Amino acid sequence: MLEALLVMSLIALALGAVLGYSAIKFRVEGNPLADKVDALLPQTQCGQCGYPGCRPYADAIVSGEADINLCPPGGEEGIQKLADLLGVEFKPFGAGAEPKPKAVAFIDENTCIGCTLCLQACPVDAIMGAAKQMHTIIASECTGCELCVAPCPVDCISMVTISENVENWKWKYPVYALKSVPPETTSRTPV
Amino acid sequence: MRTLFKFHGGVHPPGNKAQSTQQPTAVAPIPAKLVIPFRQHAGEAAKPVVQVGDHVLKGQLIGEPAGFISSAIHAPTSGTITAIDIQPVAHPSGLPDLCATLIPDGRDEWVERKPTDYRTLPADELRHLLRMSGIVGLGGAVFPSDVKLRPLRDHPNKDIGTLILNGAECEPWITCDDMLMRERAAEIVQGAEMLRSMLGSREVLIGIEDNKPEAIAAMRLAVADSGLPFEVVAVPTIYPGGSAKQLIRVLTGLEVPSGKLPTDIGVQCFNVATVYSAWRAVAHGEPLISRVVTVTGNVARPRNYEALIGTPLTDLIALGEPLPDTDGYIMGGPMMGTPLPSTSVPLVKAGNCIIAGSKKLFPPPPPALPCIRCTRCAQACPADLQPMDLYWFSQSKNFGQAQAFSLFDCIECGACSYVCPSHIPLVQYFRFSKSEIRMREQEKQAADRARERHEYREFRIEREKQEKAERLAAKEKAAAAAKPVEPPVVATNPDAAPENTAQMKIQAAIEHAKEQAAAIKPKNTENLSAEQLAEIAEIEARRARIRETAKSDVEPPKE
Amino acid sequence: MAAFFSPFISKPDTVAQIMLRVMLALLPGIAMYVWYFGPAILVSIALASVTALATEAAMLKLRNRPVAPFLQDNSALLTGWLLALSIPPLAPWWLIVVGTAFAISISKHLYGGLGNNPFNPAMIGFAVLIVSFPAQMTHWLTPHGLGQVELGFLDQLRYTFLGSLPPGVTLDAITMATPLDTLKTRLHLDESVKQIFDMPIYGRLAGQGSEMVSLGFLAGGLYLIAARIITWHVPVAYLGALFATAGIFHLTDPAHYVTPLFHWFSGAAMLGAFFILTDPVTSPTTNKGKLIFAAGAGLLTYLIRAFGGFPDGIAFATLLMNICVPLIVLYTQPKVFGKKHPSGKNGGAQ
């Protein structure tokens, strides 16, 4: 009886020592989980989640402050990936937060007055121009965040949906003729 | 006799090649209208260099290469450009693309041609000539040939020892290369010698599948006549024996490493029709404006035609006289071709064959059953892949695993779908997965770039703030040092003033803009020269087009 | 021209045809069965077929899948046939019905239906029956000319459906233990192989009659290889491993261990080698994997026969090796064209 207790205590002590040692030895600086969450976010920096950018939202998700279904640009797939990473249930978008089709901003050059307000609003420096000079969007860098639309005093910025063309076209998922199961039961299969 | 090698798998679909080889190649008449897409090659689309209303001559440049991997587009005959706009094209997506419409004047008048002796030109000038002549791979991939002829980047001194001419033409029904070899063997051989001298190869092998004895005989004769030490090799008929990597393996025993190019193992491979066109471009100064195309399938007169690029397929099909039960058309072969969204699309450089289909020739596949892992697909795969596993990962969108199981080594030949007893559209799943993975990688890169730019911006704003603060502090310090006892001036809120002026300025500008918008007529348009007017019109047109393209509300055509 | 993407042509092969040809290949064996043991086997095959189709249809309905295309794929029929051929032909009707229904519903459809079951359904059915109803599973018919009494077809039918035998006939009189079972029991009683083989139930190679049935299955199996429905890998590796293991034991002690040929032609060895282990769904997809899988099954079959508690070992050997299939497949990926290493385990993304 006594030996058994002794052995058990010794094992507990030894394991505790190992755990304590590794906690110090393999300590990770920063929050690696927030980095992983940030990597899954689409980096539009649009603030639609209510946080001033993707990184703050990632931090908020990790700290438990924010839900995972607040990022419309990431789409349902984004929520699914976050759910998989964090080991939580998938959550559909709330009302009014459904993702929109991808778009880029377009400045009507005839109306632009060169006020630089949109330049200051752009989170990724994707607008070129200077005071009293016509501005233009660097379309390839534009994330479609729409943050430049509101500040424009002359309403010369519009969002142009990127439509499917020969260059960005994708092959479709083959239609499986034998599936007679209604789509809503199959669409939520984990990726 | 050369020892030939084998590649794994392969299938033997019925050839159906005899139908279209009964008669010699005919020249298709010039159609009433030509539609010439600016994207007929791999890489960037060509940039239009003509305008609506221009009169162009046969062989005149109408689209110049834009980018490293790009090629030129030429007017196939003389006539007037009546439109440069979005038109339906033969693309698997069924989406339209930018095309020039040319109404021929019937004179078929050539632009000035400059025949060149390739021996007098250095290789880089020859490559430029090929690029500006629009020479691209006519076997199907339409990859710009000049890019394939550049010296090796990694080993500039290592030469490409073997040049292979691909005359295998393994797809059923297609016979355009067969007829070209039978009828124009001498020029193919000349072209091969030209490319050989550009690459500096020691050995030239011409691989032709043994179901084309006439082509083999014609090429052998042409090689013998030329006195060149080329070897015409009859390779076994097996699909996809005409795929470049598989043909290289059969002829040399070498495997092109995964993700690498044939040049990495000292081999380069060109389709025979490409070689022929390259020769015409250099020796005759004729850019690539026509090609041989097979019109076959459910037609009364299957035959090969030399047709102008841009010829509406309706015209070509009419030449073949389709039978009444025809219910669709395929561009390319039955294994890898694409169904045509409509027959009004134009012939492009990649268009090697048009097959009229019917329920009898191409019966609709039975509904797909689940995979029973019978491994017939793995036995047929020429890339030694395990299609049933790739299918499993693709249909569950498990893209990471699909990539780990070498999805990108799939050449999309369709052999697996061909043998599948469950009739699963395997290749379609693989195409889907591949394009999905590519798109995701692009999105990932865009996100990474956006993150970087965002972080840099934050950093810049922070730095500017700090610098401003430092400047202010220094100024205050200096002011304090200069006038230590002066009492502060009681100003009317020093912060508000500049802000107010800024706001006023913005307001003024807004009004100005509004005024401008109200005055619809632009200023300074009275005393302009015709040239300036034309320029303005062009700029306006371009703006309109850009907006149009961006919106692109053109519906994909439906049959 | 209803296809929307290439390829537009395909081989005329279908799953239904493949299954049908496998069933055709079973016919020589079945003919031998009827010849030596009477037509009772036909009754159990018919019972199994009806049960298989009914269960399949019911499960498809329950799972909300289209019924017609799957019923026509013949896979359920084949499962029923294989199970009927593995259990004693003279058995109460509910035995084969329970086994087949379990095989189709639990081991096939609960795992996702055709193509998704990890275990061979017929062998699951067999395992369930031998564990649940061991007594009924030992009533094997005596071959022609060996039994004291021989039942007519009608008497057999009456026994199967009503459970009654003609007056004066006991079950023991018309059934016997299988040659494998007898061998095992007698060896335990310290008799030598030679003595045992003098019994009339033993023929030239193995059991009287059953050796001919095995030959029938061998013939059918060779047809399957010739028709390229199965590859040679599984039968060769299975029979090879069985032969080698049996051979080693036989050489060390011929008095206690029978010849490898006896093992080949006893029990369900031939049926297993060509028809059960070759089930594409539950066997490895790689050629190397097939060899390992079948060799493992051969070894296990011998171990179970020689040292285990059951007279024959095909079912449990198959099921045990089924478990290993995903692992075997992962480690036997072939080399991909243009790659130095196989894909999968070692390949990784480019």
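**Close-up views of a predicted three-chain model**

**View 1. A cis proline in a loop of chain B.** B:Pro240 sits in the loop that links strand 11 (231–235) to helix 6 (244–252) of chain B. Helices (H or I, at least four residues) and strands (E, at least two) are DSSP runs, numbered from the N terminus. The peptide bond between B:Tyr239 and B:Pro240 is cis, with omega about 0 degrees. Most peptide bonds are trans. The model is predicted: local features need pLDDT of at least 70, side-chain atom pairs count only at pLDDT 80 or more, and totals for chains, interfaces and linings use all residues. Residues are numbered from 1 along each chain as its sequence is written, chains are lettered from A and ligands numbered from 1 in the order in which they are written, and side-chain values use heavy atoms, with hydrogens and water left out.

**View 2. A cis proline in chain C.** The bond from C:Ser6 to C:Pro7 is also a cis peptide bond, and its omega is near -10 degrees. C:Pro7 belongs to the segment before helix 1 (15–37) of chain C.

**View 3. Two helices of chain B cross.** Helix 3 (residues 176–183) and helix 5 (residues 213–226) of chain B have axes that come within 8 Å and cross at roughly 35 degrees. Axes are lines fitted to C-alpha atoms, for helices over the stretch in contact, and angles run from 0 to 180 degrees between N-to-C directions. The crossing of helix 3 and helix 5 of chain B is left-handed. A crossing is left-handed if the near helix is turned anticlockwise from the far one by less than a right angle, and right-handed if clockwise. Helix 3 of chain B brings B:Asp178, B:Met181 and B:Arg182 to the contact, and helix 5 of chain B brings B:Glu214, B:Ala215, B:Ala218 and B:Met219. By class, the residues of this contact are four nonpolar, no polar and three charged. Contact means heavy atoms within 4.5 Å. Ala, Val, Leu, Ile, Met, Phe, Trp, Tyr, Cys and Pro count as nonpolar, Asp, Glu, Lys and Arg as charged, and the others, Gly among them, as polar.

**View 4. Two helices of chain C pack together.** Helix 2 (residues 40–62) and helix 4 (residues 75–86) of chain C pack at about 145 degrees, with axes 8 Å apart. Their crossing is right-handed. Residues of helix 2 of chain C in this contact include C:Ile41, C:Ile45, C:Ala48 and C:Ala52. Residues of helix 4 of chain C that they meet include C:Leu77, C:Gly80, C:Trp81 and C:Ala84. The contact holds ten nonpolar, four polar and one charged residues. An α-helix has 3.6 residues a turn, so residues three or four places apart point the same way.

**View 5. A mostly covered helix in chain C.** In helix 9 (residues 179–188) of chain C, seven of ten residues are buried. Buried means under 20% relative accessible area, exposed over 50%, partly exposed in between (1.4 Å probe, protein chains only). Among the buried residues of helix 9 of chain C are C:Leu180, C:Leu183 and C:Leu187. Their cover includes strand 2 (175–176), helix 11 (210–226) and helix 15 (287–307) of chain C. Just after helix 9 of chain C, C:Asp190 has a positive phi of about 70 degrees.

**View 6. A buried isoleucine in chain C.** Where does C:Ile314 lie? C:Ile314 is part of helix 16 (residues 314–331) of chain C. C:Ile314 is buried, because its relative accessible area is 4%. Leaving out residues up to four places away in sequence, C:Ile314 touches C:Tyr238, C:Ala268, C:Ala269, C:Gly272, C:Thr301 and C:Arg305. In chain C overall, 55% of the 350 residues count as buried.

**View 7. Positive phi in two loops.** Most residues other than glycine have a negative phi. A:Lys132, which is not a glycine, has a positive phi of about 60 degrees. A:Lys132 is in the loop between strand 2 (127–128) and strand 3 (136–137) of chain A. With 71% relative accessibility, A:Lys132 counts as exposed. B:Asp108 also has a positive phi, near 50 degrees. B:Asp108 lies in the loop between strand 8 (96–104) and helix 1 (123–132) of chain B. At 25% relative accessibility, B:Asp108 counts as partly exposed.
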